[in-house]
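Me: Please take a close look at the ligand site in this model. Walk me through what surrounds the ligand, and then through the parts of the chain that lead away from there.

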Amino acid sequence: MAAISRLIVVSNRVSPPEHRKSGAAGGLAVAVAAALRQYSGFWFGWSGQTIETFTGELHTRRVNDVEVVTLDLEDADYQEYYNGYANGTLWPLFHYRIDLTAYERSFGEGYERVNRRFAAALAPLVQPGDLIWVHDYHLIPLGRALRELGVTNPIGFFLHIPWPAPQLLTTLPRHRQLVEALFSYDLLGLQTDEWLSAFEAYVLGEAGGSREADGRLRAFGRSVRAQAFPIGLDFGDFQKFARSRTADRAYDRMAAHSAFRAMIIGVERLDYSKGLEERLAGFEKFLEDNPDMVRKVLYLQIAPTSREEVEAYQDLRARIWALAGRINAAWADMDWAPIQYVNRTYSRVELAGVYRAARVGLVTPLRDGMNLVAKEYVAAQDPSDPGVLVLSRFAGAARQMHEALIVNPFSREELADALKRALAMERAERTRRWEALMDGLSRTDVHAWRDDFVAALKAARDGPA
Ligand code: ADQ
């Protein structure tokens, strides 16, 4: 076998951090960029630009020692592939929302077309010995399209979002083709054992597949190794952010703002998977149940709008804004309002300071592949007086973060009870739980995740096919 020379990372959007230790970039971008420097490979994806007619022209640039290769898509691609199949079909379906899933045939066709375009642009750049690592639901068919063009290199795929139960997946026309495409990869990575089990259930129960002696799954005349790789935090960097001057300033600002009050924080993109409506209802229930706590709490919700071109997101925004407004109108006083709703993004460094100022981190998605905000909240806490994480049992993170207060986010009573318990928790118990959570975060950070995946991709090819 040729020596492995390079790693090629492929994702829909390419976002290497502009600065080595940039707190503005996500932990994933930092980890991938570090791997690309180590393997001297490149990052391939969509430029984020649309043009009238697709050309396939590649743009190559270096960002902070990372080579980035992008291509533009045409307007129809953007509508059918990005807004359509990726964010209008697969995202809701994989988050168990078949009520919001668009089952348009043209979306599926656009999705296949863009994946073939990606493959045609990428294949000529692949050299013998390269490892290829494809990310997320936008690009499930990419491995198969590369194989059709004769690429024989090891190719791995990692899904950042949940894998749905077979009963949901089978509502998708052409679900078989989607799953079959995954068998063109050498390695399939999912966030947790739960999503892995759901994938296996489809393969064994729906596709007539079997498990081989070495653990690989066989179906469609091929086999793939499927494994859980829970993504971690850029733990070391994030702790540094949390101690930085920018974080201190954000902390001071929030501490002054919430003086004599306990702050509860929620942070996420405005998305129906994150359970915001249910959370607001739970918070209002908490106010109703605990009259003594009214005026003593402040719930800060940072939720910038996202994917505004998809209708379900416009509807959601209107509902959330109305709900937050109604709760505030019902409960506010001249000098206090229970909910502070903020529609903008902050750097992760600023967020680290804000997290530290919050007594409770409220992370209650209805369904989430992992959820990194839960991990960031914990990593940002003051060791001498840590806050409490309230975490949905339906976030992948709940399968690792057992010392959080685990809740069912669909129940406003459970949310209200958990808030009460978190706000009343003694420092000794908070510290004990926090230390255990930190221990887990430090052992499973994003660099370990990346190294585990790359090692497994190499091994998947070396083992029996
Ligand atoms: P997301 O659904 O985007 O990611 P999450 O894991 O929580 O969710 O990551 C969000 C990131 O964006 C965090 O680093 C957070 O700090 C940042 N962020 C969120 N709101 C912000 C705001 N208002 N301002 C600035 N930054 C903000 C997908 C999957 C997850 C999975 C990740 C990684 O849906 O389940 O954990 O990929 O695999």
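Reply: In this predicted model, the ligand has 22 residues around it, and those that come nearest are His160, Tyr346, Asp368, Met370 and Glu376. By type, the shell divides into 10 nonpolar, 5 polar and 7 charged residues.

The side chain of Glu376 has an N or O atom 2.6 Å from an oxygen atom of the ligand. The side chain of Arg269 also places an N or O atom by an oxygen atom of the ligand, here at 3.3 Å. With Arg344 the backbone is involved: one of its N or O atoms lies 3.5 Å from a nitrogen atom of the ligand. On its own the ligand has 720 Å² of accessible area, and the protein covers 84% of that.

Where in the chain does the shell come from? Domain 1 (7-232 + 446-458) and domain 2 (235-443) each give at least three residues to the shell. Among the helices, H12 (348-357) and H13 (372-379) each supply at least two. The largest share, 3 residues, comes from H13.

Asn371 is found in the loop between strand E14 (360-363) and H13. Its phi is near 95°, which is a positive value in a residue other than glycine. Most residues other than glycine have a negative phi. Asn371 has a relative accessibility of 7%, so this residue counts as buried, the cut-off for that being under 20%.

Is Phe260 buried or exposed? Its relative accessibility is 84%, so Phe260 counts as exposed, since the cut-off for that class is over 50%.

Back in helix H12, one of the helices that supply the shell, there is Leu351. At 9% relative accessibility, Leu351 counts as buried.

Another buried residue is Gln301, with 1% relative accessibility. Gln301 belongs to strand E12 (residues 297-302). The side chain of Gln301 makes a polar contact of 2.6 Å with the side chain of Tyr299.

The whole structure holds 24 aromatic pairs. One of them is formed by Trp91 and Tyr137, whose ring centres are 5.7 Å apart. Their planes meet at 55°, so this pair counts as tilted; planes under 30 degrees apart would count as stacked, and over 60 as edge-to-face. Trp91 is in helix H2 (residues 75-94), while Tyr137 is in the loop between strand E5 (131-135) and helix H4 (142-148), so the pair ties together parts that are 46 residues apart in sequence. Both residues of this pair, Trp91 and Tyr137, are buried. Elsewhere in the list of ring pairs, Phe94, Trp163, Phe183, Phe199 and Phe220 are linked into a cluster.

Terms used. Residues numbered from 1 in each chain as written. Predicted model: local features only at pLDDT ≥ 70, side-chain atom pairs only at ≥ 80, totals over all residues. Heavy atoms only, no water. Near = heavy atom within 4 Å. Polar contact = N/O pair within 3.5 Å; in protein donor to acceptor, adjacent residues only side chain to side chain. Areas by Shrake-Rupley, 256 points an atom, 1.4 Å probe, with all protein chains shown as cover. Helix = DSSP H or I, 4+ residues; strand = E, 2+ residues; numbered from the N terminus. Nonpolar A, V, L, I, M, F, W, Y, C, P; charged D, E, K, R; others polar. Domains from an automatic or database assignment. Phe/Tyr/Trp six-rings, centres within 6.5 Å; stacked < 30°, edge-to-face > 60°. Buried < 20%, exposed > 50% of the residue type's maximum accessible area, 1.4 Å probe, protein only.
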